[in-house]
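Here is a brief structural report on one protein chain. Please keep the sequence and model open while reading.

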Amino acid sequence: MVALAAWTAAAVLVVELTALRLLAPYLGLTLETNTIVIGMVLSAIALGSWLGGRVADAKPPRRLLGPAIGVSGAVVAITPVLVRTAANDPANGLLLPVTALCLVVPGALLSAVVPMLTKLRLATLDETGRVVGRLSAAATAGSIVGTVVTGFVLVTRFPVTGILVGLGALLLITALLVDIRVRGWGRFGRSAAAAVVAGGALSAWALPDSCDAETTYHCAEVVADDERESGRVLVLDGLRHSYVDLEDPTHLEFAYVAGLAAVVDSQLPDGPVEAHHLGGGGLTLPRWLEATRPGSASTVSEIDGGVVELDRERLGLETGPDLEVRVEDARLGMAEVATDSRDLVVGDAFGGVSIPWHLTTVEAMAEVRRILRPEGVYAANLIDHGDLAFARAEVATLEEVWEEVVVLGEPVDVDAGPDGRSGGNLVAVASDRTIDTEALAEELAAAGDGWTVLAGPSLAEWVDDAPVLTDDRAPVDQLLTPYRQR
């Protein structure tokens with residue numbers, strides 16, 4: 001009984017953490033997504049504990065344990081099918097209701113197991129405290145194990161679909177074993193549950209999946225460019241993240257990458273550049289530096305090792321002394337970079353549906369400034385929508401750290417009001433030396449993307465009273481999310 005309490009509690013936490021990965025391509029790894037999933041699971045645990053106790057007092061628990069675990073296994077196994085089907089058409093509004101169903105049903109049923117086991121184990125009221133304490137401790141220990149194993153083992157080694165289908169199958173096996181032990185469930189019920197889980201498993205594996213790889217943080221795909229034979233697009237969570245020309249690293253397809261390149265060519269002297277990159281993606285800019293400025297050296301912090309592997313296998317990435325890629329958190333990785341050692345730091349870790357907030361703050365920018373030489377430049381890709389509340393806050397934050405800051409983008413982006421018309425990429429540039437805006441404008445014009453420079457009083461008016469982001473308060477998800485969904 002103790003082992004069963006621990007196992008079912010562990011399963012609830014595996015479902016919770018895996019659900020965050022399953023939803024990331026559609027809702028992002030944001031504070032809101034975490035809050036929604038955690039809230040649903042906690043609600044399910046509370047509901048299951050309450051109902052389990054009531055039902056155990058009304059009916060023989062021996063007849064209920066097997067069905068509760070078996071139905072949980074069936075729902076867990078078909079969760080990838082249900083969630084992805086609902087997400088394929090955002091207009092139907094079914095994603096959150098379906099997600100709630102897939103979390104609450106198994107969460108409640110599995111949480112009902114402990115009160116049922118308590119009812120079975122209690123012989124006299126004299127041992128109530130001991131029985132309840134032992135089973136509650138076992139369930140808590142199981143939750144801890146489920147959390148640790150999922151975070152450190154399962155999501156790093158297996159795709160989300162495999163985790164959920166495998167967990168569903170294990171729960172079915174558990175249900176059958178429990179049923180055989182207590183002899184409370186008929187053959188028909190066992191066969192029906194087995195059919196449901198088997199069908200769910202087959203459906204989940206057969207469901208079309210656009211991912212070339214389900215990495216730790218992303219659904220990743222490499223797509224060939226129909227108009228350019230050697231062009232490849234790295235798609236992360238359904239969004240075009242990087243463009244790499246396998247034969248011509250100087251080709252910059254995306255406007256924001258051309259903007260970053262314009263910063264390099266207009267603000268840094270000719271010759272090799274020592275650069276550090278916060279975020280890797282397809283490593284378009286490090287390859288461009290290597291090709292256009294021979295002798296340049298780049299270090300790249302990329303948190304997702306699966307993306308790096310995809311870069312090597314599908315995007316022709318070759319690392320060496322002049323291009324080092326480290327699988328690490330970008331902020332933690334800066335601690336390993338020497339003071340005053342870089343001419344350029346590039347911030348390109350922001351995705352379209354999530355933001356690593358700890359790279360946006362005054363404290364993070366102070367660390368960037370530390371590793372830059374006095375004449376060095378920080379250039380960051382920002383993604384925002386609507387009235388650009390996050391982008392304005394980030395620029396206000398840069399202004400707290402550096403002497404000069406300018407913003408690059410399409411005029412409709414940098415001049416937009418709160419009418420929801422704008423959205424996309426901006427590039428923020430910061431330095432302690434004078435930024436040559438005329439040279440920068442010339443480079444942007446040569447790139448032909450129609451981007452302009454916003455600086456001085458115009459920039460101050462644009463930033464207005466945007467909040468400064470700090471480690472103590474950086475509500476980036478709240479600043480960005482409402483506008484992303486317009």
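## Contacts and overall make-up

In the protein chain, 74% of the contacts with a separation of 6 or more are between residues 24 or more positions apart. The model behind this figure is predicted.

The protein chain has 486 residues, and 52% of them count as buried. Its accessible surface is about 21,400 Å². Carbon and sulfur atoms own 57% of that surface. The secondary structure comprises 18 helices and 12 strands.

## The largest nonpolar core

The largest nonpolar core holds 46 residues. Seen by links to other members, Val37, Ile69, Val83, Leu103, Leu117, Leu167 and Leu171 touch the most. Several helices each supply at least two residues of this core: H1 (2–27), H2 (31–58), H3 (62–87), H4 (95–111), H5 (113–121), H6 (128–157) and H7 (160–182). The largest share comes from H1, with 13 residues.

Which residues does isoleucine 69 contact, leaving aside its neighbours within four places in sequence? The list is Leu4, Thr8, Leu110, Val113, Leu171, Thr174, Ala175 and Val178.

## A separate core

Another core lies apart from the largest one. It has 41 residues, among them Ala389, Ala396, Val463 and Ala466.

## A parallel strand pair

Strand S6 covers residues 297–302, and strand S7 covers residues 323–327. The two pair in the parallel sense over 5 bridges.

How does the chain get from S6 to S7, and what is the hand of the crossover? The path runs through helix H11, residues 305–314. This β-α-β crossover is right-handed.

## Aromatic pairs

The count of aromatic pairs comes to 3. For phenylalanine 254 and tyrosine 256, the ring centres are 6.4 Å apart and the planes stand at 35°, so the pair is tilted. Paired rings need centres within 6.5 Å, and stacked planes would have to be under 30 degrees apart.

Are these two residues buried or exposed? Both phenylalanine 254 and tyrosine 256 are buried. Together with Tyr243, Phe254 and Tyr256 form one aromatic cluster.

Technical notes
Residues numbered from 1 in each chain as written. Predicted model: local features only at pLDDT ≥ 70, side-chain atom pairs only at ≥ 80, totals over all residues. Heavy atoms only, no water. Helix = DSSP H or I, 4+ residues; strand = E, 2+ residues; numbered from the N terminus. Buried < 20%, exposed > 50% of the residue type's maximum accessible area, 1.4 Å probe, protein only. Contact = heavy atoms within 4.5 Å. Areas by Shrake-Rupley, 256 points an atom, 1.4 Å probe, with all protein chains shown as cover. Phe/Tyr/Trp six-rings, centres within 6.5 Å; stacked < 30°, edge-to-face > 60°. Pairing = 2+ DSSP bridges. Right-handed = clockwise from strand over helix to strand, strands pointing away. Core = buried A, V, L, I, M, F, W, Y, C linked by side-chain atoms within 4.5 Å.
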